Amino acid sequence: MHEMGVLCDFHGTLVDANHAWIKAFETYDIPDMNQVITDVYHKVNRKIICNKYGINYEEIKNKYIYFLEVRYEIVNLVKLLSGNTGIIIVSNSSRERLLRDIDFVKPNLDLNVLEILSKENGNKNDPDYINQVLDRYNYRSAYLVGNDIREDFNPSLRITNIFVPYKNTILMNKTL
């Protein structure tokens, strides 16, 4: 059994998705851009934002992807934690979106990705699901690296949650 695995969120963690959405919305003449920024950070559905301002969702989705930027400081952290042995990307995004976004940044990602798990596979916040993933890889425990305590926390006793917000890195213990 391996000692420690690394599970990593993608949007907001390995890439700055919110910034990409904001940049895409800024290509339009939106009268209240501050409200759009607030909506993006409060996870308002992007289709709802588009409907509010008469923007074609498919069009802005194509713009968004070109603004995706890799968070290299997090990639380096994940490499350090994994010892370059590989990571598992876990996301509550749709598989379609996740694969599209990963494919776009893949040349700049420079990570050994063992598996990509989306919401269709299970919920990364569910301890039973995550324990099954750990068992599949014979991991005794794992780090779960994410950027948002509300979305990237798993209460499994086998998980050490690490949160990497945009300005600094905070290690959270298991007894949160």
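Tutor: Gladly! One definition before we start: helices (H or I, at least four residues) and strands (E, at least two) are DSSP runs, numbered from the N terminus. Keep in mind that this is a predicted model.

Student: Where does Lys 43 lie, and is Lys 43 buried or exposed, or in between?
Tutor: Lys 43 sits in the loop between H2 and H3. Its phi is near 65°, a positive value in a residue other than glycine. Most residues other than glycine have a negative phi.

Student: Good. In what order do the elements of the protein chain run from the N terminus on?
Tutor: The protein chain holds 7 helices and 6 strands. Starting at the N terminus, their order is β-α-α-α-α-α-β-α-β-α-β-β-β.

Student: How does the radius of gyration compare with the globule rule?
Tutor: For 176 residues the globule rule gives 16 Å, and the protein chain is close to that, so it is as compact as a globular protein of that length. The C-alpha trace spans about 55 × 35 × 30 Å along its principal axes. The radius of gyration itself is 17 Å.

Student: What share of contacts between residues at least 6 apart in sequence joins residues at least 24 apart?
Tutor: As background, 47% of the 176 residues count as buried. Of the contacts you ask about, the share joining residues at least 24 apart is 68%.

Student: Which element gives the most to the largest nonpolar core?
Tutor: That core has 38 residues, and Phe 10, Leu 14, Phe 25 and Val 78 have the most contacts inside it. Several elements each supply at least two of its residues, among them strand S1 (2–8), helix H5 (72–82), strand S2 (87–90) and helix H6 (95–109). With 6 residues, the element that gives the most is H1.

Student: How many residues are in the second, separate core?
Tutor: Among its members are Leu 117, Tyr 129, Tyr 139 and Leu 144. The number of residues in this second core is 12.

Student: Is Leu 80 buried or exposed?
Tutor: Leu 80 belongs to helix H5. Its C-alpha atom is separated by 23 Å from that of Asn 131, 51 residues apart along the chain. The relative accessible area of Leu 80 is 69%, and the cut-off is over 50%, so Leu 80 is exposed.

Student: Last one: how is H4 oriented to H6?
Tutor: The two helices pack with their axes 10 Å apart, at an angle of about 40°. Angles under 35 degrees count as roughly parallel and 65 to 115 as roughly perpendicular, so H4 to H6 is oblique.

Student: And how do the residues of that contact divide?
Tutor: H4 contributes Lys 61, Asn 62, Tyr 64, Ile 65 and Tyr 66, while H6 contributes Arg 97, Arg 100, Asp 101 and Phe 104. By type they divide into 4 nonpolar, 1 polar and 4 charged.

Technical notes: Residues are numbered from 1 along each chain as its sequence is written. This is a predicted model: local features need pLDDT of at least 70, side-chain atom pairs count only at pLDDT 80 or more; totals for chains, interfaces and linings use all residues. Side-chain values use heavy atoms; hydrogens and water are left out. A nonpolar core is a set of buried Ala, Val, Leu, Ile, Met, Phe, Trp, Tyr and Cys residues joined through side-chain atoms within 4.5 Å. Buried means under 20% relative accessible area, exposed over 50%, partly exposed in between (1.4 Å probe, protein chains only). Axes are lines fitted to C-alpha atoms, for helices over the stretch in contact, and angles run from 0 to 180 degrees between N-to-C directions. Angles under 35 degrees count as roughly parallel, over 145 as roughly antiparallel, 65 to 115 as roughly perpendicular and the rest as oblique. Contact means heavy atoms within 4.5 Å. Ala, Val, Leu, Ile, Met, Phe, Trp, Tyr, Cys and Pro count as nonpolar, Asp, Glu, Lys and Arg as charged, and the others, Gly among them, as polar. The radius of gyration is taken over C-alpha atoms; the globule rule is 2.2 Å times the number of residues to the power 0.38.
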